[in-house]
Amino acid sequence: MKNLTTTFYWLLTIVLLVPTIAQAQSNTNQNKFRQLKQELATPNVYRTASGAPGHEYWQMKADYEMQIELDDEKQRIIGAETITYYNNSPDALTYLWLQLDQNVRAADSDTRKIENTKIGKKSSFRDFMKMHQSFDGGFKIESVKDADNDDLVYTINKTMMRVDLPQELKPGEEFVFKISWWYNINDRMKMGGRSGYEYFEADDNYLYTIAQFFPRMAVYSEVEGWQNKQFLGRGEFALTFGDYKVSITVPEAHVVAATGTLQNPDEVLTKKQQERLEDAADADEPVLIITQDEAIKAEDDKSSKKKTWVYYAENVRDFGFATSRKFIWDAQGVKFGDRTVMAMSYYPKEGNPLWEQYSTRAVVQTLETYSRHTFDYPYPKAISVNAARIGMEYPMICFNFGRPEADGTYSPRTKYGMISVIIHEIGHNYFPMIVNSDERQWTWMDEGLNTFLQYLTEQDWERDYPSRRGPAYKMTDYMKGDKSNISPIMTNSESIHQFGNNAYGKPATALNILRETVMGRELFDFAFKTYSQRWMFKHPTPADFFRSMEDASGVDLDWFWRGWFYTNDHVDISIKDVKWVQLSSQNPDVEKAITQKREEERRYISDMRNAESIKETFVEANPKAVDFYNTYNPFEVTLVDQEEYERYLRKLNPAERELLENGYNYYQVTLENVGGLIMPLIFEFEFADGSTEVVRIPAEIWLKNHEQVTKVFAMEKEVVNITLDPFLELADTDMNNNYWPPKSQPSRFELFKRSSYWERGGENPMQRDQRAKDMAK
């Protein structure tokens, strides 16, 4: 009985609270134009209200000296590093946190445990094989010592490691410590992953793309303290800038591409290769450093001898490398003032002819376009490495998919997919390698901004380039989808639904809309460049980006950030109603003629049928029934009408008479916000003479009513059609309600689905064209 009574009181409390909560919500400010005061961190001496770093901004630094060896027989990395950690903060530290990202592949990894799995019609052999994989992954930490080789106390917590300091690390001090480790390299083609190896059975060689291969310092900042959120596989990396000296020992015939500048070219490159590199610096097109014939020859060199390649990089947040006997290597210099940046590509023969023709050229175009919109590329080189089924980025180097068929032909999807992934991954040098946002927390801050610039670069590359993301209309299907499967952009990386659309596509679309529609190119470009240059080699947050864009442009964008980034609302603005009004001129010669014409044009079904069926009416048969009104013409202009009109005109001032005589058409347009996102309004008016006029109205028209607005347009000519969003720039998800008079966009009903040639294993267009030529012969 006591439990029942308790339950009753709880239910009664809830019932009583519901209207109170609803009333409280209705009494709070729900205006979509309210400022982002509560959502953004309070400005301070470290990060200002303008979005710039504050006068007391600080960040840590970590320098690395590493000796890395690749075991090509066991597919294993063996490493030792010395880390010098600089405490530039005002805080005393008693421990340090490092990232052990390889532990995501450990047998007891949380990533495996939390992965949602199910069996369905689309399940593949690979899906089932993954369930049975037993891979001895993860770092094997052998020692953690201080500079005097004394053991340090450390604790491994899954993908994080805490190193306890023997004494407090005070502000301005540095601490040197050493770590030794090894790990087994994963087979990327079977297990996937951002790094690993690809095995080529035909020539018994491996192509290694190596990253996250060493214990790396976590970021300590005034925003998060230690960013030691576990790496679960999706939310990428938050990393500290520093200088790297890395010695990489590999089989003698291997060629190593890596972050940084090669320190010992005389020891690892031939004289001819060095000469070719010098020639490439001033070349107008890529120069082969290692030719395909030379690479094929190296494939057969299975000597047990080894070489050590030494690379040095300044002010980078990470380090990556690739190594193989199979590499063809080409390069071209890109000029930035008096500096030359080397654009480079490394690829196996399986990548040709596509890679030799396009890769380095795509790197060059990316550096030029991105630098124009942000800052001159500051590093000495940018590398694109061909690796199957991957697109991944590190400072100065990235790994990219895309290979032709065995006969050298390729589909348009392969070609443009390869070019796009190269642009995208090279572009990541800017975001987040230089503008160093926290990927573990906010994927969109690098992927979204980078995808936006990728779109601009693709359009610079080729007119009408088939970009997948960027234009507003390409995001509408996603935005109008099931809201339970759509996350706001401001969602932590591990919790995002539809990762690609949310973190890449939607923010890129939002920035494109800002540039083309809300702000205009001039204001947007200045503000975006300001943000980029303010936060070069620093750690920005979303607030820093939002504030910089507003501060540098003078445009209040809080409504835009709130709607596009903090909600999953979509754009659907409807033309609900249009009223056409003309002012009466009061001129009887004009108005009576208009009225008479309308009467004569009016056709009513009974009148039409009565004219045929009634042979003679009563009045027609009886003349005595006729009176004044049977002969009266209401449309005849009389002297009385003219005198009244003259008297009316004498009461008007000149401006009023001009307005009356011009005969304007007034169109009262009522719009309804169906989707929830407020947006500017773009109308195209089409007139009876075939001409058109575009009218643009800022989003602030919705300031006082977010659900419905009304606007009257004065037109000299008669309007026959009104189109809302005529240039598809608003991401409006339903164009059927964007027209007056109403019209529907037809949907295409498919009787059957026809697979594309690459899905059904058939010919690509190049193969089909060659077959046609052979038939003609």
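A charge is said to sit over a ring if NZ of Lys or CZ of Arg is within 6 Å of the ring centre and within 35 degrees of the ring normal. Lys326 lies over the face of Phe200 in this way, 4.4 Å from the ring centre. The charged end of Arg76 likewise sits over a ring, that of Trp182, at 4.1 Å from its centre.

Before we go on, please keep in mind that this is a predicted model, in which local features need pLDDT of at least 70 and side-chain atom pairs count only at pLDDT 80 or more, while totals for chains, interfaces and linings use all residues. Residues are numbered from 1 along each chain as its sequence is written, and side-chain values use heavy atoms, with hydrogens and water left out.

Let us turn to rings that meet other rings. A pair of aromatic rings is described by the distance of the centres and the angle of the planes. Rings of Phe, Tyr and Trp (its six-membered ring) pair if their centres lie within 6.5 Å; planes under 30 degrees apart count as stacked, over 60 as edge-to-face and the rest as tilted. The structure holds 59 such aromatic pairs. In one of them, the planes of Phe139 and Trp181 stand at 85° with the ring centres 6.5 Å apart, so this pair is edge-to-face. Phe139 lies in the loop between α3 (125-131) and β4 (140-146), whereas Trp181 belongs to strand β7 (residues 174-184), so the pair ties together parts that are 42 residues apart in sequence. (Helices, H or I with at least four residues, and strands, E with at least two, are DSSP runs numbered from the N terminus.) Phe139 and Trp181 are both buried, a word that means under 20% relative accessible area, with exposed being over 50% and partly exposed in between (1.4 Å probe, protein chains only).

Tyr377 and Tyr430 give a tilted pair, 5.7 Å centre to centre with 50° between the planes. This pair links distant parts of the chain, 53 residues apart: Tyr377 is in the loop between α8 (354-373) and β21 (381-386), and Tyr430 in the loop between α9 (412-427) and α10 (444-461). Both tyrosines, Tyr377 and Tyr430, are buried. Elsewhere, one aromatic cluster includes Phe33, Trp444, Tyr531 and Trp564.

Now for the backbone. Most residues other than glycine have a negative phi, and most peptide bonds are trans. The bond from Phe431 to Pro432 is cis, with omega near 15°, and Pro432 is found in the loop between α9 and α10. Another cis peptide bond joins Asn352 and Pro353, where omega is about 10°; Pro353 is in the loop between β20 (339-347) and α8.

Gln75, in the loop between β1 (61-71) and β2 (76-86), is buried, with a relative accessible area of 9%. Arg389, in the loop between β21 and β22 (391-394), is exposed, with a relative accessible area of 56%.

Finally, look at a hairpin. Strands β26 (residues 681-687) and β27 (residues 692-697) run antiparallel and are joined by 6 bridges, and two strands pair if DSSP finds at least two bridges between them. Leu681 has Ile697 in β27 as its bridge partner. The hairpin has 4 residues between its strands, and Gly690 in the turn has a positive phi of about 95°.
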